[in-house]
Amino acid sequence: MGDVMRLDKLLSMLGEGTRSEVRALVRAGRVCVGGRAARDAGMQVDAGRDPVTLDGRALVYKRVRHVMMNKPGGVLTAARDPRQRTVMDLLPPLYAAMGCMPAGRLDKDTEGLLIVTSDGQLAHRIISPKREVGKVYLARVDGLLTEEDVSAFAAGLHIDDGDGVFDARAAELAILSAAREESEALVRVTEGKYHQVKRMFAARGRQVTYLKRMSIGALALDPALAPGQWREMTDEEVALLESEAGLESKSALRN
Ligand code: URA
């Protein structure tokens, strides 16, 4: 299947400049398609097949983009917002232009693993509670965590608070450190209701003071990514997520 589009559209999608900037590049003879200098910025190119170069540098077109981000605190998980900075503002415009969206939502103050992808089906499957893709969070809470909390999480907590009523699915709680003032734990949940983890701890009388998502299914946050940093996912990581989400690998379709 081809991705036929105007050359200037392709160049600006690839982040080489605005439409008028890339037209100037074409006019200057700096862009080649299939080894020949392009004369017309409006020419149709098959982005998946026609080799395109700028000053001799091959431009790589991918139909689908998947980004792994270490979401920093203080940034909204949203495609856009008129007032506040969103995770999409941390990425070059190319990603929004290619239809990338965050897969699921982390609270503004939550850090950690966020997938931003142009594959809507994959995003949907990752967040669908039906798929039961496990998400692991590192949580710091005020107060002491005990084995009673572990059992209560495992039994499934009944949540009844200002945001609504629901029975949370059984969740795994692994206490990393426990003290009267503050404890730290890893929590694995398979659903993502509004403020899920914070509300589960609140149901046990604990307030979450720090929350970071460490993994989604078998995909762990790259420890080399500092908060606010991101990178494109490797083909292996994408295949891992796809199999977690019950999708056949689409890598054969990827350019
Ligand atoms: N649970 C929460 O309470 N907040 C998040 O951001 C993610 C899970």
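1. **Overall make-up.** The protein has 7 helices and 17 strands. Both come from DSSP runs, numbered from the N terminus: helices are H or I with at least four residues, strands E with at least two. The C-alpha trace spans about 70 × 35 × 30 Å along its principal axes. Of the 255 residues, 45% are buried (under 20% relative accessible area, with exposed over 50% and partly exposed in between; 1.4 Å probe, protein chains only).

2. **Basis.** This is a predicted model, where local features need pLDDT of at least 70 and side-chain atom pairs count only at pLDDT 80 or more, while totals for chains, interfaces and linings use all residues. Residues are numbered from 1 along each chain as its sequence is written, and side-chain values use heavy atoms, leaving out hydrogens and water.

3. **Ligand shell.** Which residues are around the ligand? They are Leu106, Asp107, Thr110, Tyr137, His195, Gln196, Val197, Lys198 and Leu211. To count, a residue needs a heavy atom within 4 Å of the molecule. By type, the shell divides into 4 nonpolar, 3 polar and 2 charged residues. Here Ala, Val, Leu, Ile, Met, Phe, Trp, Tyr, Cys and Pro are nonpolar; Asp, Glu, Lys and Arg are charged; the others, Gly among them, are polar.

4. **Atom pairs at the ligand.** A ligand nitrogen atom lies 2.7 Å from a polar side-chain atom of Asp107. Thr110 places a polar side-chain atom 2.8 Å from a ligand oxygen atom. Lys198 takes part through its backbone: a polar atom there is 3.0 Å from an oxygen atom of the ligand. The protein covers 95% of the 240 Å² of accessible area that the ligand has on its own (Shrake-Rupley method, 1.4 Å probe).

5. **Helix H6.** H6 (residues 196-203) gives the largest share of the ligand shell, 3 residues. Is this helix enclosed or open? It is largely enclosed by the rest of the structure, because 6 of its 8 residues are buried. Those are Gln196, Val197, Lys198, Arg199, Met200 and Phe201. Gly205 follows H6 and has a positive phi, near 80 degrees.

6. **Arg65.** Arg65 sits in the loop between strand S6 (57-58) and strand S7 (66-71). Why does Arg65 count as buried? Its relative accessibility is 7%. The Arg65 side chain makes a polar contact with the Glu232 side chain, at 2.7 Å. Such a contact is a pair of N or O atoms within 3.5 Å; within protein, one must be able to donate a hydrogen and the other to accept it, and residues adjacent in sequence count only if both atoms are side-chain atoms.
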